[in-house]
Amino acid sequence: MSSVDTTIQLIRTGKTEGETCSPALADGPWVFDLQAAPSYGPGSSMGDVIPTGTPRQGQIPEEYRTASNEELDARILAAKATLGDRVVVLGHFYQRDEVVKYADFVGDSFQLANAAQSRHDVEAIVFCGVHFMAETADILARPGQSVILPNLAAGCSMADMADIDSVEEAWEQLEALYGTEPDADGRVPVIPVTYMNSSAALKGFCGEHGGIVCTSSNASTVLEWAFERGQRVLFFPDQHLGRNTAKAMGIPLERMPMWNPRRPLGGNDVAGLEEAQVILWHGFCSVHKRFSVDQIDKARADFPGVRVLVHPECPMAVVDAADAAGSTDFIGKAIAAATEATTFAIGTEINMVNRLAAEYPQHTIFSLDPVICPCSTMYRIHPGYLAWVLEALVRGEVLNQITVTDEVAVPARVALERMLAAKPGTTAAQVVGD
Ligand code: SF4
């Protein structure tokens, strides 16, 4: 099966049928890195509003922008060979194949953070993922190690939907409404819970305010942990993961108000907030928002017996209509466990779906979304950037280092450790994120 990049090029040149959400996907990310108004670039998040102050990537030298794929391949391999055990390259499941092939570890965000933590022997960790993942790796890295993000503009539109100022403002309003005194059972009025897909500042906020981090595979365990200690939860930034998880735990939808940070009391009235059990931040993933019940209906009509597996970042109606919902790790394991030839329709990022299809040729595996529209921010990592940062390391230069200050890293680590402790017997390798 062709990689997503190759397929996009073939569609653009009319050599194959198919549709992409933007023809600009076939261009190098450096075309967008210099735009006067920064954007997430072509792909699923291209319609999202990018916050002011989002990190930008300066222009990389022309030699990397104009090099052929073959030249970049030779240069990356040569740099990796020279650096040897001094460097580890990590690649997220959602990365393009053209980047993932150089990764020493491939996984979801938390698996990669654990991979980083398990490689305290290396000088530098080159993280082919997005900004919050590199931050988490830095929180867990040993002092003196460098974590490098090959393109600084590789953020995450969902993580950007909850910034520390808006969350602190929401917290002030909630404290003014609920007070800070525990009830007769010792439960505080509200516990903050942040998804792994959030900035280090928000993980630090949770660490400081009795809160915790969750992933897409342990969200219900984490909510249970939170309800043992609090009367209600403020869940950010992904409304869908929060809603899908709370609904599966039996919490009624009317007790899950949405918090819109641009409106007083998040757009709620006092009575609604007093009844609330989970207050959902108004955030979402534009990759997973693309999946619809219509697509599931079509898959079922076209392929009777199809198994529909979706990620819990998808809207509730999609999760309800699917056969199962779970993290990237869950989806991979569900396919690996199928002993009979099976047709799977998958609701998660296209690069991962294509890779699963190539890995399991005995099954028919396809994306629920017929339009090729990768995660815009993951797509900002291109082999040209990887060659650029690796060759700099060979010269002794560290480019694009991601550093989390101790002021943030210390409480963020507390929130991460609470998550690990929330499930007795959980090992780091079993905990997964986006
Ligand atoms: S897939 Fe969604 S949540 Fe994951 S990095 Fe891309 S925008 Fe962020």
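Student: Which domains does the domain assignment give for the protein chain?

Tutor: Keep in mind that this is a predicted model. The assignment gives three entries: domain 1 (4-158 + 377-403), domain 2 (162-283 + 408-430) and domain 3 (288-372). Domain 1 and domain 2 are each written as two segments.

Student: Which residues touch the most other members of the largest nonpolar core?

Tutor: The general idea comes before the case. In soluble globular proteins, nonpolar side chains tend to be buried together. Here the largest nonpolar core has 130 residues, and Ile125, Phe127, Ala137 and Ile212 touch the most other members. Helix H18 (residues 383-394) contributes the largest share of this core, 7 residues.

Student: What is isoleucine 212 in contact with, leaving aside its neighbours within four places in sequence?

Tutor: The list is Val193, Cys206, Val222, Trp225, Ala226, Ala415, Arg418, Met419 and Ala422. Pick out Ile212 in the structure and follow these contacts one by one.

Student: Over how many bridges does strand S8 pair with S10, and over how many with S6?

Tutor: Strand S8 (residues 233-236) and strand S10 (residues 278-281) are joined in the parallel sense over 3 bridges. Strand S6 (residues 191-195) pairs with S8, also in the parallel sense, over 4 bridges. Now go down to single residues. Valine 233 in S8 is the bridge partner of isoleucine 191. Leucine 234 faces isoleucine 279 in S10. Phenylalanine 235 stands opposite leucine 280, also in S10.

Student: Which residues point one way from S8, and which the other way?

Tutor: Val233 and Phe235 point one way, while Leu234 and Phe236 point the other. All four residues are buried.

Student: Where is there a cis peptide bond?

Tutor: The general idea covers both omega and phi. Most residues other than glycine have a negative phi, and most peptide bonds are trans. In this model, a cis bond joins phenylalanine 236 and proline 237, with omega about -10 degrees. Proline 237 sits in the loop between S8 and helix H12 (239-248).

Student: What is the phi of leucine 265, and what is that of asparagine 400?

Tutor: Leucine 265 has a positive phi of about 50 degrees, although it is not a glycine. Asparagine 400 also has a positive value, near 55 degrees. Leucine 265 lies between S9 and helix H13 (270-275). Asparagine 400 lies between H18 and helix H19 (406-421).

Student: Is asparagine 400 buried or exposed?

Tutor: Count the C-beta neighbours. Asparagine 400 counts as buried because it has 23 of them inside 10 Å, and the cut-off for buried is 20 or more. Leucine 265 is partly exposed, with 17 other C-beta atoms within 10 Å.

Student: Is alanine 341 buried or exposed?

Tutor: Alanine 341 is exposed, because it has 10 other C-beta atoms within 10 Å. Its place is the loop between helix H16 (328-336) and strand S13 (343-347). Beyond its neighbours within four places in sequence, alanine 341 is in contact with Gln362 and His363. Alanine 341 and proline 361 are 20 residues apart in sequence and 9.2 Å apart in space, C-alpha to C-alpha.

Technical notes. Residues numbered from 1 in each chain as written. Predicted model: local features only at pLDDT ≥ 70, side-chain atom pairs only at ≥ 80, totals over all residues. Core = buried A, V, L, I, M, F, W, Y, C linked by C-beta atoms within 7 Å. Buried ≥ 20, exposed ≤ 12 C-beta atoms within 10 Å, placed from the backbone. Helix = DSSP H or I, 4+ residues; strand = E, 2+ residues; numbered from the N terminus. Contact = placed C-beta atoms within 7 Å. Domains from an automatic or database assignment. Pairing = 2+ DSSP bridges.
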